[in-house]
Amino acid sequence: MFRNFKLVPKVIFGRGCFAQLDEIVGDQRQSDEDWAVFVVDDVFKGTGFADQIPCNDKDHLLWVNTADEPKTTYVDALTAEVKGQAPTLPCGIIGIGGGSAMDLAKAISLMLTNPGSATAYQGWDLIKNPAVWHAAVPTLSGTGAEVSRTAVLTGPEKKLGLNSDYTVFDQVVLDPKIVTGMTKEQHFYTGMDCYIHCVESLEGTYLNEFSKAYGEKSMDLCRQVFLADDPEAADKLMMASFFGGMSIAYSQVGASHALSYGLSYVLGTHHGVSCCITFDALEAFYPQGVKEFRAMMEKTGVDIPRQVCADVTQDQMNTMITVTLGLDPLWENCLGKDWKSIMTRDKVRALFEKM
Ligand SMILES: NC(=O)c1ccc[n+]([C@@H]2O[C@H](COP(=O)([O-])OP(=O)(O)OC[C@H]3O[C@@H](n4cnc5c(N)ncnc54)[C@H](O)[C@@H]3O)[C@@H](O)[C@H]2O)c1
Ligand SMILES: [Fe+2]
């Protein structure tokens with residue numbers, strides 16, 4: 001079976017294109033009563049950028065906090081808040097922020113039209129009804145959340161996305177001018193998420209020409225951003241993120257992401273830094289990639305947290321291993337169909353102990 005892959009239908013790219021967001025959202029308004037919701041990372045509260053958000057009188061500006069990665073309980077509360085604003089559904093949901101705010105926007109747009117808690121839809125193709133029209137404005141580049149068909153959520157039992165064709169954004173606004181203001185650490189960690197997507201996709205057993213085409217270009221752009229002093233770095237990383245997302249959409253991620261899900265589930269480590277920590281321990285799996293990653297780390301002057309598993313209990317370690325080994329397609333992509341005979345619990349434990 002081949003995957004029939006849904007793409008983002010509309011993309012606008014360029015420095016300053018954020019100014020066109022008003023017009024883009026305006027196209028969704030059929031009457032004067034129509035209202036939109038801007039789901040914005042609260043890191044922008046009180047900034048000049050917030051003043052540029054084209055939020056009209058009837059619209060709702062929903063500040064979201066991303067100190068913790070998105071949880072199903074948070075999505076449920078935010079969806080209830082949106083529903084409480086008016087008796088009609090909004091005509092659009094616009095997510096402005098990094099992967100977390102974009103995923104929250106995706107999830108809210110889905111939960112407005114699908115009953116119950118977001119927890120019930122964690123998995124593949126469980127969403128029954130089309131979402132409210134939703135758009136993304138990334139303010140950090142790397143995750144590929146702007147092109148993916150998932151909204152990653154942590155629920156009471158698992159960290160698993162709302163994966164569906166309805167999850168895909170209807171519109172993406174790529175303005176490199178607004179991808180600014182983050183710490184150099186955050187820039188590096190989220191950027192490396194993209195680099196690691198490329199390594200895992202290009203070195204995986206699921207690789208095909210579709211994924212290769214996007215993955216190679218994305219990796220080339222990552223090199224220009226993190227190994228050279230490129231004046232167009234923001235533009236390049238934005239496209240690297242988009243292409244990296246396209247590459248894994250038609251292949252899969254691998255060992256670093258599998259381990260990072262285990263780590264994040266137990267320790268709450270954020271996705272980007274979590275992938276950096278796990279990737280650094282995978283020299284035996286991705287020798288060239290890890291070597292280049294370390295060169296990028298040195299060039300950027302950013303380090304990663306070390307000895308992160310030093311204080312975990314045996315119970316926590318067991319959970320980390322179970323979550324990690326539960327990601328069958330990621331391991332199959334990395335090691336092939338016989339991965340279970342290679343990747344034992346003891347081997348996973350040894351990798352975690354190295355981090
Ligand atoms: N849906 C997907 O396909 C997908 C893929 C990968 C990761 N993710 C999810 O994305 C999240 C990680 O996203 P991320 O790495 O983009 O980080 P993030 O969205 O979690 O943000 C990280 C930090 O940077 C801040 N920030 C964002 N933009 C900023 C800016 N321009 N200036 C200053 N600060 C800024 C945020 O407030 C936050 O404190 C995780 O929740 C992960 O699960 C989703
Ligand atoms: Fe990732």
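This is a predicted model: local features need pLDDT of at least 70, side-chain atom pairs count only at pLDDT 80 or more; totals for chains, interfaces and linings use all residues.

Reader: How many aromatic pairs does a search of the whole structure find?

Author: Rings of Phe, Tyr and Trp (its six-membered ring) pair if their centres lie within 6.5 Å; planes under 30 degrees apart count as stacked, over 60 as edge-to-face and the rest as tilted. Searching the whole structure that way, the number of aromatic pairs is 14.

Reader: What kind of pair do Phe 188 and Tyr 189 form?

Author: Their centres are 6.2 Å apart. The planes make 65° with each other, and the pair is edge-to-face.

Reader: Is Phe 188 buried or exposed?

Author: Buried means under 20% relative accessible area, exposed over 50%, and partly exposed in between (1.4 Å probe, protein chains only). Phe 188 has 0% relative accessibility, so this residue counts as buried.

Reader: And what is the relative accessible area of Tyr 189?

Author: Tyr 189 is buried too. Its relative accessible area is 12%.

Reader: What angle lies between the planes of Trp 331 and Trp 339?

Author: These two rings form a stacked pair, 6.3 Å centre to centre. Both Trp 331 and Trp 339 are buried. The angle between their planes is 20°.

Reader: What is the strand order in the open sheet?

Author: Helices (H or I, at least four residues) and strands (E, at least two) are DSSP runs, numbered from the N terminus. Two strands pair if DSSP finds at least two bridges between them. The open sheet has 6 strands with parallel pairing, in the order 1-9-6-4-2-3.

Reader: Which are the edge strands?

Author: Each edge strand pairs on one side only. They are strand 1 (10-13) and strand 3 (60-64).

Reader: Which residue in strand 3 stands opposite Phe 38?

Author: Strand 2 (residues 36-41) pairs with strand 3 in the parallel sense over 5 bridges. Opposite Phe 38 stands Leu 61.

Reader: How many helices and strands does the protein have?

Author: Counting its secondary structure, the protein comes to 14 helices and 9 strands.

Conventions
Residues are numbered from 1 along each chain as its sequence is written. Chains are lettered from A and ligands numbered from 1 in the order in which they are written. Side-chain values use heavy atoms; hydrogens and water are left out.
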